[in-house]
Amino acid sequence: MEKLTALLAKIGLGRMSASEYRANLNGLNMFFGAVLGFVFAGTENLSDLQFGQVLLVLAGSVIAILFISSSRNRIVYSALALAYSAFLPEIIDLLLNGNNLVPGKIRPTLLTWALMTILVEFWARDKTPNTQG
């Protein structure tokens, strides 16, 4: 493991600085926020009430993903975000008594966002604060 750590450090993939950590999370959140807008094209067939309910359920998944990096309970939120993301289409169909109400691309979008956030959150970070940013 020490050899792998040394190799990663040599190629610039060692411990993240505080500013690299913030940049990773900000980039992921902006990117996947935009992707969610693109993925949800096609929900215009839902009634206003159904669309509001879908947004409410989706917001829970997004909040769980954001809590991975914001809560001291990051392991619990990691598991919750993965479960929520994996089953979001089925949860929505169950709640709204429908079938395939949200686009199929929502699952891989949320799962990728959650997994990337988990990777960033659990990657080794510098112990000392970075004074450059």
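**Entry 1: R74**

I started at R74, which sits in helix α4. The model is a predicted one. I then listed what R74 touches, leaving out residues up to four places away in sequence. The list is I68, E121, F122 and R125. For F122 I also took the C-alpha to C-alpha distance from R74, and it is 9.3 Å. In sequence, R74 and F122 are 48 residues apart.

**Entry 2: the chain as a whole**

Next I stepped back to the overall layout. I counted five helices and zero strands in the protein chain. Read from the N terminus, the order is α-α-α-α-α. The chain has 133 residues, and 32% of them are buried. I also checked how far along the sequence the contacts reach. Taking contacts between residues at least 6 apart, I found that 74% join residues at least 24 apart.

**Entry 3: confidence**

I looked up pLDDT before going further. The chain averages 85, and 86% of the residues score at least 70. Which element has the lowest mean pLDDT, and which the highest? Helix α1, residues 2–10, is lowest with a mean of 65. Helix α4 is highest with a mean of 94. A reminder to myself: where pLDDT is low, the predicted coordinates should not be read in detail.

**Entry 4: helix α4**

I went back to α4, which covers residues 74–96. Where does α4 bend? The bend is at F87, by about 60 degrees. A proline, P89, follows within four residues. I noted the buried residues of α4 as S78, A81, S85, A86, L88, P89, I92, D93 and L96. P89 is therefore on the buried list, being under 20% relative accessible area. What do these buried residues pack against? They pack against α3 (48–68) and α5 (106–122).

**Entry 5: α4 against α5**

I looked at this pair in detail. The axes of α4 and α5 come within 8 Å and cross at roughly 170 degrees. Angles over 145 count as roughly antiparallel, so α4 and α5 are roughly antiparallel to each other. From α4 the contact takes R74, I75, S78, A81, L82, S85, A86, F87, L88, P89 and E90. From α5 it takes I106, R107, L110, L111, A114, L115, I118, E121 and F122. By class, the contact of α4 with α5 has 14 nonpolar, two polar and four charged residues.

**Entry 6: the loop after α4**

I followed the chain past the end of α4. The residue there is N97, in the loop between α4 and α5. Its phi is near 50 degrees, a positive value in a residue other than glycine. N97 counts as exposed because its relative accessibility is 74%. I found another asparagine, N100, in the loop between α4 and α5. Phi of N100 is near 55 degrees, again positive in a residue other than glycine. N100 counts as exposed too, because its relative accessibility is 61%.

**Entry 7: α2 against α5**

I turned to helix α2, residues 18–39. How do the axes of α2 and α5 cross? They cross at roughly 175 degrees and come within 10 Å. α2 and α5 are therefore roughly antiparallel to each other. On the α2 side I listed Y21, N24, L25, L28, N29, F32, G33, V35, L36 and V39. These meet I106, T109, L110, T112, W113, M116, T117, V120 and E121 in α5. The contact of α2 with α5 has 12 nonpolar, six polar and one charged residues.

I also checked F38, which lies in α2. F38 counts as exposed because its relative accessibility is 67%. F38 and I106 are 9.9 Å apart, C-alpha to C-alpha. Their separation in sequence is 68 residues.

**Entry 8: W123**

Last, I looked up W123 in the segment after α5. W123 counts as partly exposed because its relative accessibility is 29%. I took its C-alpha to C-alpha distance to M16, and it is 7.4 Å. In sequence, W123 and M16 are 107 residues apart.

Technical notes:
Residues numbered from 1 in each chain as written. Predicted model: local features only at pLDDT ≥ 70, side-chain atom pairs only at ≥ 80, totals over all residues. Heavy atoms only, no water. Bend = angle between axes of the 7 residues up to and from the residue. Helix = DSSP H or I, 4+ residues; strand = E, 2+ residues; numbered from the N terminus. Buried < 20%, exposed > 50% of the residue type's maximum accessible area, 1.4 Å probe, protein only. Contact = heavy atoms within 4.5 Å. pLDDT = per-residue confidence, 0-100. Axes fitted to C-alpha atoms, helices over the stretch in contact; angles between N-to-C directions. Parallel < 35°, antiparallel > 145°, perpendicular 65-115°, else oblique. Nonpolar A, V, L, I, M, F, W, Y, C, P; charged D, E, K, R; others polar.
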